[in-house]
Amino acid sequence: MLARERADEQRTRIAHSRALDPLEPRARPSSESRPHSPILAMAPGEKIKAKIKKNLPVTGPQAPTIKELMRWYCLNTNTHGCRRIVVSRGRLRRLLWIGFTLTAVALILWQCALLVFSFYTVSVSIKVHFRKLDFPAVTICNINPYKYSAVRNLLADLEQETREALKSLYGFPESRKRREAESWSSVLEGMQPRFSHRIPLLIFDQYEKGKARDFFTGRKRKVDGRIIHKASNVMHIESKQVVGFQLCSNDTSDCATYTFSSGINAIQEWYKLHYMNIMAQVPLEKKINMSYSAEELLVTCFFDGVSCDARNFTLFHHPMHGNCYTFNNRENETILSTSMGGSEYGLQVILYINEEEYNPFLVSSTGAKVIIHRQDEYPFVEDVGTEIETAMVTSIGMHLTESFKLSEPYSQCTEDGSDVPIRNIYNAAYSLQICLHSCFQTKMVEKCGCAQYSQPLPPAANYCNYQQHPNWMYCYYQLHRAFVQEELGCQSVCKEACSFKEWTLTTSLAQWPSVVSEKWLLPVLTWDQGRQINKKLNKTDLAKLLIFYKDLNQRSIMESPANSIEMLLSNFGGQLGLWMSCSVVCVIEIIEVFFIDFFSIIARRQWQKAKEWWARRQAPPCPEAPRSPQGQDNPALDIDNDLPTFNSALHLPPALGTQVPGTPPPKYNTLRLERAFSNQLTDTQILDEL
């Protein structure tokens, strides 16, 4: 019994001494009293991995802030400049690396932008071929469209009024003897002029503003509306006296007066308007019969050293030039070619002009017009025709040039005109001129109700004339002025053809026939043409034409893309590697971080704010609870997953302002042992007597 009590006393003393010693490690609680820790349950290797993973920084969208995301990117990217910004020591070095990196990024963006802008550029290559060439189509027209003797009855009244205008303006009649011998007594005196009444010819004086004198009546009349000077395209009159005519709309409320610096130009323009109105009402078959036949126009013909005749030419009727004839117009699906260069291997023709059959007021020159074009191309005689003089030999040397352009996105050209919203009214292949003329003729039909005479007819349309459209001339002039000033939109809609052929012409002239050779040449030609004409030819009635290739060198101008997708990507990679030492994977990484992760963080933050706002709005109001005294925690007693050791316990900070709790000391009087000798003195007690 006594031994047991001594053992209990010894254990109590040991426990009390441990409780009083703060440096003594505390006993670990048992597994039943502690919460279960997953790290303690792991194997030693797994525990180390979990510890490292816990201490690693967050990555990608898991970053709480954009700053942490940027830091993580700079530490993990393969781009060297960004990494040096973070790992460099010192503010100066860090600023320098920031400057270098931003400069490199700017240079990359600049160079890549230049590469993109230069992607749609083309490179032009010129190739010269020497081979047998196809001969182009050659269209020949007499400058005078119809024989004067055939159209004289149709134009008699118009010519009479034109002569009266010349006599009133200049004081003399037309001077040709044949015209002077003709009597105009059939015209009734006092009869109101039909053509001058519709479009009056006027004389303007600079000293009388707003007034003009009528050609035929001599009376002065007030001129309202705009005055348009056709010579200089200004809105005022500069010379002392000018000639013009007035055009009005259907209701005569809007008028415009067109003036010319020369009376010749004014009278020819006035005559041409009435001429088109008259000829628009004549059937096509009748107009073909009134013009020149192929046998009359072509006297002799040679091609490539072989004789040819009118059967090798195809009829083409032009409204303003009458019957025209095209050589090598792909008849019978064959195209003639030439094997040698030089004038002897080209086309040689002698043309009969017949000056006596010329209309004196419609044309003022003598000769023919020739145009060289492709077989499927429309011959625009008025636009690009070359004039041939009489009593001369005209030699035209050709050089062929083929051009091939790239379509969109490299240029705005078109392959066949199918992507142009303008209907082709010509029976020919697409060209820029065809598109412009088709656009104007379509606008003419829409706004004026009729078609202009010098161009082909659109479907379900008629040519303009006085009977159906009395004031079509005013509408035509207004529309033509808007077309020239690019107000109709035709120039912006029409596109240039991507591929075309162009013949560069070199023209030379020589007198023909010579004084010596005309003595025998003209009689022979008169005998050859005796079946067609009944007169003796003179050299002013004839013109000789030579058309040939100067050489058989064909020049081809071809466009090709200056860059390709492979070259563009290669240049991008070169710029990225040169300035930033990165690859395509780095670019994908930048896209992921700066676009996906960046906006994910922002979206997550905004979503969290929205959720908090919604929770505060939905929570019911509650009364405030009384404040309870808050306890204080001792950080020294926080239980970590890892058990404390002696060294770690030394570094634990004490709680601020609190006592370190521990096991309370035992009551010592409970440890006393009742002894049999209660009066026995203790070991330390001193007797009073001593």
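Cys582 is buried, with a relative accessible area of 12%. Keep in mind that this is a predicted model.

## Disulfides in the whole structure

A disulfide is a covalent bond between the sulfur atoms of two cysteines. How many disulfides does a search of the whole structure find? The search finds seven. Three of these pairs are described below, one at a time.

## Cys141 and Cys324

The sulfur atoms of Cys141 and Cys324 sit 1.9 Å apart, and the two residues form a disulfide. The torsion about their S-S bond is about 120°, so this disulfide is right-handed. Cys141 belongs to strand S3 (residues 137–142), while Cys324 belongs to strand S13 (residues 322–327). The pair therefore ties together parts that are 183 residues apart in sequence.

Are Cys141 and Cys324 buried or exposed? Both are buried.

## Cys413 and Cys498

Cys413 and Cys498 also form a disulfide, with 2.1 Å between their sulfur atoms. This disulfide is right-handed, because the torsion about the S-S bond is about 95°. Both ends lie in loops. Cys413 is in the loop between strand S18 (392–404) and helix H14 (432–448). Cys498 is in the loop between helix H16 (490–493) and strand S19 (499–511). The parts tied together by this pair are 85 residues apart in sequence.

Each end is buried. Cys413 has a relative accessible area of 3%, so it counts as buried. Cys498 is buried at 1% relative accessibility.

## Cys435 and Cys494

The disulfide between Cys435 and Cys494 has its sulfur atoms 2.0 Å apart. Which hand does this disulfide have? The torsion about the S-S bond is about -85°, so the disulfide is left-handed. The pair links distant parts of the chain, 59 residues apart. Cys435 lies in helix H14, and Cys494 lies in the loop between H16 and S19.

Cys435 and Cys494 are both buried. The loop between H16 and S19 holds Cys494, and Cys498 is placed between helix H16 and strand S19 too.

Key: Residues numbered from 1 in each chain as written. Predicted model: local features only at pLDDT ≥ 70, side-chain atom pairs only at ≥ 80, totals over all residues. Heavy atoms only, no water. Disulfide = S-S within 2.5 Å. Helix = DSSP H or I, 4+ residues; strand = E, 2+ residues; numbered from the N terminus. Buried < 20%, exposed > 50% of the residue type's maximum accessible area, 1.4 Å probe, protein only.
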